[in-house]
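I opened this notebook to record what I looked up in one model. The entries follow in the order in which I made them.

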Amino acid sequence: MAEPGRAGGSPEPPVQVVCFPAVCAPLRGCRRKAGMAECGATSQINFQCAPEQLESIILPVHNSECWLDECLKSVWEQDFKGTMELSIFNDASKDGSAEIIEKWKMRLEEIGVSVIIGTNNSSQPRGVGFAKNQAVIQSSGTYLCFLDSDDVMMPQRVRLQHQVAIQHPNSVFTSHGPTVIMPTWFCSREWFFHVGRFDEGGKGVPEDLLFFYEHLQKGGGVSRVNHCLLLYRYHPQAATHSVLEETIWNHRVRFLEDRVLSSWTSFTIWNAGKQGKKLYRSLSPANQKKVTAFCDVDEKKITKGFYTYEESEERPKPKIPVCHFRDATPPLVICVKLDMTGGAFETNLATLKLKEGKDYYHFN
């Protein structure tokens, strides 16, 4: 099978396609004037003020020719009846992405969708965070609909997310998938700039995770549109593979410490196995001392009675008790994945009649 949009070519790389609903974070109608892209980037920008209901689809592109035809076709197929624009930032692509963009620019403008194209003309890409920021800066919409160049939107995406966004200011809107996945985000322009743009550290930086944490720190919410709104491609060339698992883990632990553990004087870790112990070892020394126990359902771990932190330089080495979950003292940090035990974990948790956010926090 030839690559999309090309007369011939090598076979497409293997890809896993996952259907996701979407995330929305509406903002309160701020219409920022478009500005020129920075740092060697150039943009084709319309400097007129944005209409009240203009929706901007934000599309960063880097060497995306294999997927770009399908992606742009999905913009063309949107059933939203309001005014849309597509803001593309081409981050130093060396393949045929620019030609595909120009082809679809003509088609989209024929149906009333204006297309703004920004380009990084340097020899090296600046990274996903930079490209997303530039695409937002050069856009004009009241609302921002984020899209990755290797994904495909369902025709109803913009319409359904817009309907929810206007009702929930200061939220990020996603679909009903198993995770808050960045390509389904939809938020207001005002809120985006309030949060403060994406980190532009480049390759290896989880810019979406860092933005999302900042969004939560500033009081933002998350709302779901319970429909399938996006086909997400998981493939070897995806930018997500440049971010190390350990990098994401460390950011998550720091967020847990700053947002949750800073207000707790003691807590129990639910999971005396691999993940629970890894969390304990990753905590700061001050937060390690707050751990009063591990809890579990595994009789072998409970019978052993304690976990010894062998890597500690303290003498004697810390020994943390292991108890049955029914004997655990809240608050709890839960390191057990949901929907992985046939409902057994969820049932056990429900029997304790605890309140999430107060008595326990999921770290799974």
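The entries below go from the whole chain to single residues.

**Entry 1: basis.** I am working with a predicted model, in which local features need pLDDT of at least 70 and side-chain atom pairs count only at pLDDT 80 or more, while totals for chains, interfaces and linings use all residues. I number residues from 1 along each chain as its sequence is written, and side-chain values use heavy atoms, with hydrogens and water left out.

**Entry 2: the chain.** I find eleven helices and 16 strands in the protein chain; helices (H or I, at least four residues) and strands (E, at least two) are DSSP runs, numbered from the N terminus. Of its 364 residues, 51% count as buried. Buried means under 20% relative accessible area, exposed over 50%, and partly exposed in between (1.4 Å probe, protein chains only). I also looked up the contacts, defined by heavy atoms within 4.5 Å. Among contacts in the protein chain with a separation of 6 or more, 79% come from residues 24 or more positions apart.

**Entry 3: nonpolar cores.** A nonpolar core is a set of buried Ala, Val, Leu, Ile, Met, Phe, Trp, Tyr and Cys residues joined through side-chain atoms within 4.5 Å. The largest one has 27 residues, and Ile57, Leu59, Leu72, Leu86, Ile88 and Leu147 have the most contacts inside it. I list β3, α1, β4 (84-91), α2, β5 (114-120), β6 (143-146), α4 (157-165) and β10 (221-234) as the elements that give this core two or more residues. Another core lies apart from it, with 22 residues, including Phe267, Leu279, Tyr309 and Ile320.

I then asked which residues Leu72 touches, not counting those up to four places away in sequence. They are Leu59, Leu86, Ile88, Ile100, Ile101 and Trp104.

**Entry 4: α1 against α2.** Helix α1 (residues 65-76) packs with helix α2 (residues 97-110) at an angle of about 15°, and their axes are 10 Å apart. That angle makes α1 roughly parallel to α2, a term for angles under 35 degrees. Axes are lines fitted to C-alpha atoms, for helices over the stretch in contact, with angles from 0 to 180 degrees between N-to-C directions.

From α1, I note Glu65, Leu68, Asp69, Leu72, Lys73, Val75 and Trp76 in the contact; α2 gives Ser97, Ile100, Ile101, Lys103, Trp104, Arg107 and Leu108.

**Entry 5: backbone.** Most residues other than glycine have a negative phi, and most peptide bonds are trans. I therefore looked for exceptions to both.

- Arg315 to Pro316 is a cis peptide bond, with omega near -5°; Pro316 is in the loop between β13 (306-308) and β14 (319-324).
- Pro330 and Pro331 are joined by a cis peptide bond with omega about 0°; Pro331 is in the loop between β14 and β15 (332-334).
- Asn63 has a positive phi, near 50°, and is found in the loop between β3 (55-61) and α1. At 36% relative accessibility, Asn63 is partly exposed.
- Asn271 has a positive phi, near 140°, and is in the loop between β11 (267-270) and α8 (274-282). Asn271 is buried, at 15% relative accessible area.

**Entry 6: Phe186.** Is Phe186 buried or exposed? With a relative accessible area of 0%, Phe186 is buried. I place Phe186 in strand β9 (residues 186-188).

How values were computed. Parallel < 35°, antiparallel > 145°, perpendicular 65-115°, else oblique.
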